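This report concerns selected surface features of the model and the confidence assigned to it.

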Amino acid sequence: MNAPVLSVRDLVVDFPLRRGNFRALDGVSFDIARGEVLGVVGESGAGKSMTGSAVIGLLEPPGQITSGEVHLSGARIDTLPEEQMQHLRGKRIGMVMQDPLTSLNPLFTIGDQLVETIRQHMPLTESQALERAISLLEEAGIPDARQRINAYPHQFSGGMRQRVVIALAIAADPELVIADEPTSALDVSVQAQIIRVLKELCQRRGTAIMLITHDMGVIAQIADRIMVMNAGKVVETGPVAEIIRHPREPYTKKLIGSIPTIARSGDAPPPAPEDSAPAFVDVRGLTKDFDVGSRVISRLLRRPGNVFRAVNDVSFRIRKGETYGLVGESGSGKSTCARMIAGLIEPTAGRVVVNGMDVWSVSAAQRARSRAVQMIFQDPYASLNPRWRVGNIIAEPIRVLGLARGSEVEDRVADLLRKVRLDPVVMRKFPHEFSGGQRQRIAIARALSSQPEFIVCDEPTSALDVSVQAQVLDLMSELQSEFGLTYLLISHNLAVIRQMANDVGVLHRGVLVESGPVDAIFDHPQADYTKMLLDAVPDLAEVA
Amino acid sequence: MTDPTTEPTDPVISTPRTRWQRVRDSDIFWSYSHSPVTIIASIVALGLILAAAFAPWLAPHTPFQPATVNLMDGFTPPGGESLSGETYLLGTDDQGRDMLSTLMYGARVSLFVGFSATLFAMALGVSLGLAAGYRGGFLDSLIMRIADVQLSFPAILIALLIFGVAQGLIPAARQEQTAVWVLILAIGLSNWAQFARTVRGTTMVERQKDYVSAARLLGRHPVALAIRHVLPNVLGPVLVIATISLALAIIEEATLSFLGVGVPPTQPSLGTLIRIGQRFLFSGEWWILAFPAITLILLALSVNLLGDWLRDALNPRLRK
């Protein structure tokens, strides 16, 4: 066996900060062989991306490699001067970054960018480089590459742009490609295609790939070996199937255990009672049009502007104490739905009836007094006012709605904090002092503080790490049974929906293509779109 | 599923720290203590502000009471002995007034006008910017177009115009008393647009955030939302603009007083002193011009440097 393409030994990266040294990587060692895909997983802050940056010598200052060695095809590269590293990057190591929007220059055509990169690293003429660019794009799965080579990045969709980035990364035939969360910004259906492209490239060209991702499912589909990282250290390394089926380390076990799967696991929620049960939430013909590109003049002339129908005639009902899951990809209109149902965006047409009250027939203040609906938002960093103390954030609904007064308010807040398993002492803290998971619990406590019966949860866990996601979902289930809450759960994550919901609706371009009991839809999808969606989900269970 | 209690209990409740420890540990303090220029600027600014604020107690003479001024002492050079046998550290002006005391009283007027005008501009700009950004639509267009028009003229011209019109409306007999307030009004009105623009921009970003949506779900009144939720989150940049705008207001006041339209000669500001002093520059009495000018430069420069530092220190992207 010849030397591995990339060999990292005892890599230590330090960030000397003014509050002391922060050791970002602590003794990381691994190898990647020719044509092998090494998946690097871990939660945020585990040091996955840091490893990638250290290998290509692009650590953010003041970060520095304190000890350890990095070898590329047998030659040591971590001690090379910057000019030689620059030559290495792009030529021998290609990079694919998370966000395809920012990794391409919007002012140049993709052809220009490819040709420039190719000619920088290879002795080719302009026209030879162009030919090579076209064949690279074709290889990355872009149809009609010859016609589209003069297009600008904004003329491509997210998935297509990521293919262009991949073409750029392999332009100079590198030995190693470092892909840092290459599919995290993409929808599942697109993600599946990108994974396939990467995998094929690796096999055909014998390129070694270091794939950094938080998504175990992606790794399961593409990688040969897994390296699990936590807190700057390598927890364990091994073949994919072995690690997933028989994890040795407790951390890996916990990580894998907390990943929800779309396969029905364990107890199914009790079979839904007959449809005769009265609907607690009744959504009828919900529609939302947005004006796009209507100019002042056409508005003055009362000309009908260009209308984009974001949500089109969506109807469903939720029984009391149950969870309705709404799934869809980005742009499917699920967040717009959530906001219309919660009372934040006025629908163009349709009715939302919660517990017998038509949400949009009353004023915002009346709606609030009825305490019918509350909401939990996606980004726990934006949903808590950064200038307010946690105690005040949770107490605001109690005070505004006059549910308690005086010292009773504080007692209630303490009680709510205990319910979401936080120490009541944290009342005096500000949101920035908490982690993402803790913040989301504070947001849940706030939603509960007005004692609602129905909570709209818009992607409540998509900003969280998997193990934290598991905790938040558990908490939501417990609170549901304790208070008899009814949930509308919006998510792009099919596994989360399967785990939490009784009924599910699939939203595609604003239209509800399918709706029904979770098991029926997941096991026997009727609509083509649902089938495609379910097929595209990378799932651990598929690694047999 | 994992045990929900396994998430590390928050480190925030572990170590109670005193207020001073927290201040000393903060990023702002760190960036302050690592910038010698800022430290010097803050000492200079603080010294000038204190000297001006406590002028009635600190000044060696009371320069604007004719009884205490000796005309014989006029044009005494700095440190020199006057005809009446007194020494004046910074010399005297043409009427025998002690320059040091005149400066302290002059800076007092300049700083009072500067601070008041900035506060007025800030109050006006922040309210209008908040209203424009939060409400949007016609109100937004109206306020921002007015701001655009105003920003297309030099601030000093606006202030001159406002000052002229306001003085024209006030009967001549009362002009002397009201001059300072009219000046504050004029400078304030010529500086609100910067505040409004910045606040409008940040407000438009903040009002999209979900904490505002969460409060909207409680049916809170838009005004309460804007003031209680949005306002505290848009004040960071305002603080920076206020500091820089303070330096501008001081210079603007000096310019107006230099042109002779500012404060009345009975309570001269730094600008008035410079106007008086420049008459004597070529006859050799340089100190009558030089000291007010140096004071004005020091004041404006130190406040400006503080503003620059504050802008960098509050911007996490520039933080090292």
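## Confidence and surface features

In this predicted model, chain B has an average pLDDT of 84, and 92% of its residues score at least 70. Residues 1–14 of chain B have a pLDDT below 50, and this stretch makes 33 contacts in the model beyond near neighbours in sequence. For the complex, the predictor reports an ipTM of 0.78 and a pTM of 0.80.

On chain B, a nonpolar surface patch of about 570 Å² is formed by B:Leu46, B:Leu50, B:Phe54, B:Trp57 and B:Leu58. Two elements of chain B, helix H3 (36–53) and helix H4 (55–58), each give two or more residues to this patch. B:Phe54, one of the patch residues, is placed in the loop between H3 and H4 of chain B. Its relative accessible area is 42%, so B:Phe54 is classed as partly exposed, a class that lies between the cut-offs of 20% and 50%.

In chain A, A:Glu83 belongs to helix H2, which covers residues 82–91. A:Glu83 counts as exposed because its relative accessibility is 59%, and the class of exposed residues begins over 50%.

| Residue | Relative accessible area | Class |
|---|---|---|
| B:Phe54 | 42% | partly exposed |
| A:Glu83 | 59% | exposed |

Key: Residues numbered from 1 in each chain as written. Chains lettered and ligands numbered in written order. Predicted model: local features only at pLDDT ≥ 70, side-chain atom pairs only at ≥ 80, totals over all residues. Heavy atoms only, no water. Patch = residues over 30% accessible without salt bridge, like charges linked within 9 Å, V, L, I, M, F, W, Y side chains within 5 Å. Areas by Shrake-Rupley, 256 points an atom, 1.4 Å probe, with all protein chains shown as cover. Salt bridge = Lys/Arg side-chain N within 4 Å of Asp/Glu carboxyl O. Helix = DSSP H or I, 4+ residues; strand = E, 2+ residues; numbered from the N terminus. Buried < 20%, exposed > 50% of the residue type's maximum accessible area, 1.4 Å probe, protein only. pLDDT = per-residue confidence, 0-100. Contact = heavy atoms within 4.5 Å.
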